[in-house]
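Please look through the sequence and the model shown here before reading on.

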Amino acid sequence: MDSRRKNIIKSSVSSSIEKLLNQSRTAYSDGNLTRSIRYVRMAFELLKKHKVKLPAELKNSFCRKCCLIWIPDKTLKIKFDTKNNCLRVVCNCGYSKRL
Ligand SMILES: [Zn+2]
């Protein structure tokens, strides 16, 4: 496969991931948590399969552990980590990540 073709595939994969995450957010605000998690899981599967690099705002928009979409003040908390002098996001499931 030539690199141009690969790039086309990668860019279409990342736009599908973006769409899935948007749908997940909509599903969450509609109160449909199961559907929201399913969308994130699909996006995550695509991500693992194609090994695409996502922009930071997409990478930090869902939990890798419980596949929950991250919505500030709803599904995640942002804390200042004084020990490491950085911001840290904490998911509802307890998973935390440095920003
Ligand atoms: Zn989580």
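Strands, in the sense used here, are DSSP runs of E that hold at least two residues and are numbered from the N terminus, and two of them count as paired if DSSP finds at least two bridges between them. With that in mind, the hairpin of β1 and β2 can be described: four residues lie between its strands, and Asn85 takes a positive phi near 55 degrees.

The model is a predicted one, and the pLDDT of the protein averages 93, with 99% of the residues scoring at least 70. Among the elements, the highest mean pLDDT, 96, belongs to helix α2, which covers residues 33-50, while helix α3, at residues 56-59, has the lowest, 88.

Turning to the sheet, three strands make it up in the order β1-β2-β3, and this open sheet is paired in the antiparallel sense. Because β1 (76-81) and β3 (96-98) each have a single partner strand, they stand at the edges of the sheet, and one side of each is left without a neighbour there. On average, and with direction ignored, neighbouring strands of this sheet are turned by 25 degrees against each other.

The pairings can now be followed one by one. Six bridges connect β1 with β2 in the antiparallel sense, and Ile78 stands opposite Val89 in β2.

How values were computed: Residues numbered from 1 in each chain as written. Predicted model: local features only at pLDDT ≥ 70, side-chain atom pairs only at ≥ 80, totals over all residues. Heavy atoms only, no water. Axes fitted to C-alpha atoms, helices over the stretch in contact; angles between N-to-C directions. pLDDT = per-residue confidence, 0-100.
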